Amino acid sequence: MAGMKEIRDKVKSVQNTRKITKAMEMVAVSKMRRVQQRMRAARPYADKMRVIAAHLSHANPEYQHLFMVQHPDAKRAGLILVTTDKGLCGSLNTHILRMALAQFKALEAQARAVDATAIGGKGAGFLNRLGANIVSQVTQLGDTPQLERFIGAIKVQLDAYAQGELSAVMLAYTRFVNTMKQAPVIEQLLPLTDAHLDAREAASGSGKAGEPHYQWDYLYEPDPKTVLDALLPRYVETLVYQAVLENMACEQSARMVAMKAASDNAKTVIDDLQLVYNKSRQAAITKELSEIVGGAAAV
């Protein structure tokens, strides 16, 4: 059995660790509320942009934007990977990185190379270890991300697709469901598809998959080229920005849960060590009393 001094040192070490995890839990709670507010405020705009872009895929304007043109013969695909900059948030990054790895293998099985863009330090480290072709990256976005910080990294992928070098551009991130649940997802940004529209209408039962039950007739002012050239890049930027906000909300929620679990586990360890310490102390006292009684009897 360990000595009482060693047990006291262990208890003190665990107590110091518990102070850190408790402080990190409170910080995550404070940040989580603000991040969730920003994320929920941006969701309606992003969803409406998705619906408009989905309807555009069924429209037949006289001008077809480069983001709507498919490149099935391209031998490369693009992947934008959104992760956190810091750790200590449970298995949040593990799930999305595992899904991204599966996507890499699926594209390689189709004889397509992958041009990767990393948003977040954990994703950049993963892609470096994987030996992926990283065409752009951005890290240290802070607690209040600005679109201007990572628009350059996104534009590398958009320009490559517009030039016909990529067959598709995928977006991998973690979507916020609630405080206890986060869902890793991979969405196709380009070419423009109606997958989001299909999902909404399939859920409502108002249309068949792949075919909306109604079609919007657009009037373009001043002309389709001007409107689409301004709308579709904003559409892609909005989806990526929303993905970053969703991932940050997931990060703070996962960190809060992980730090609370760590604090609770530390308390359990402290209680167990305290019990062992009390037993050791009781045994030492009993031994001293036995020695005193034995010495007195001998006298």
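Two strands are said to pair if DSSP finds at least two bridges between them, and the close-up views below, all taken from a predicted model, begin with the whole chain before turning to strands that pair in this way.

**View 1. The protein chain as a whole is built from six helices and five strands.** Followed from the N terminus on, the elements run in the order α-β-α-β-α-β-α-β-β-α-α. Of the 299 residues in the protein chain, 40% are buried, while the chain exposes about 16100 Å², of which carbon and sulfur atoms supply 55%. When contacts between residues at least 6 apart in sequence are considered, 76% of them join residues at least 24 apart.

**View 2. Strand S1, residues 76–82, is joined to strand S2, residues 113–119, by seven bridges.** The two strands run parallel, and within this pairing Gly78 stands opposite Asp115 in S2. To pass from S1 to S2 the chain goes through helix H2, residues 92–109, in a β-α-β crossover that is right-handed. Strand S1 is mostly covered, with six of its seven residues buried.

**View 3. Strand S1 also pairs with strand S4, residues 169–178, in the parallel sense.** Four bridges connect S1 and S4, and Leu81 is found opposite Ala172 in S4.

**View 4. A salt bridge joins the side chains of Glu165 and Arg76, with an N to O distance of 3.9 Å.** Because Glu165 lies in the loop between helix H4 (147–162) and S4, whereas Arg76 belongs to strand S1, the pair ties together parts that are 89 residues apart in sequence. Both partners are partly exposed, Glu165 with a relative accessible area of 32% and Arg76 with one of 30%.

**View 5. Glu246 and Arg175 form a salt bridge in which the closest N and O atoms are 3.7 Å apart.** This pair links distant parts of the chain, since Glu246 is in helix H6 and Arg175 is in strand S4, 71 residues apart. Salt bridges that share partners bring Arg43, Arg175 and Glu246 into one network. Glu246 has a relative accessible area of 0% and therefore counts as buried, whereas Arg175, at 27%, is partly exposed.

**View 6. The side chains of Lys5 and Asp9 meet in a salt bridge of 3.3 Å, N to O.** Lys5 and Asp9 are four residues apart in helix H1, residues 4–56, so about one helical turn separates them. Lys5 counts as exposed because its relative accessibility is 53%, and exposed here means over 50%; Asp9, with a relative accessible area of 42%, is partly exposed.

**View 7. Ile285, Leu289 and Ile292 form a nonpolar patch on the surface.** Together these three residues have about 290 Å² of accessible area. Ile292 has its place in helix H6, residues 224–298, and because its relative accessibility is 58%, Ile292 counts as exposed.

Methods
Residues are numbered from 1 along each chain as its sequence is written. This is a predicted model: local features need pLDDT of at least 70, side-chain atom pairs count only at pLDDT 80 or more; totals for chains, interfaces and linings use all residues. Side-chain values use heavy atoms; hydrogens and water are left out. Patches are made of residues with over 30% relative accessible area and no salt bridge: like charges are joined within 9 Å, nonpolar side chains (Val, Leu, Ile, Met, Phe, Trp, Tyr) within 5 Å. Accessible areas come from the Shrake-Rupley method with a 1.4 Å probe; for residues, only the protein chains shown count as cover. A salt bridge is a side-chain nitrogen of Lys or Arg within 4 Å of a carboxyl oxygen of Asp or Glu. Buried means under 20% relative accessible area, exposed over 50%, partly exposed in between (1.4 Å probe, protein chains only). A crossover is right-handed if, with the strands pointing away from the viewer, the path from the first strand over the helix to the second runs clockwise. Contact means heavy atoms within 4.5 Å.
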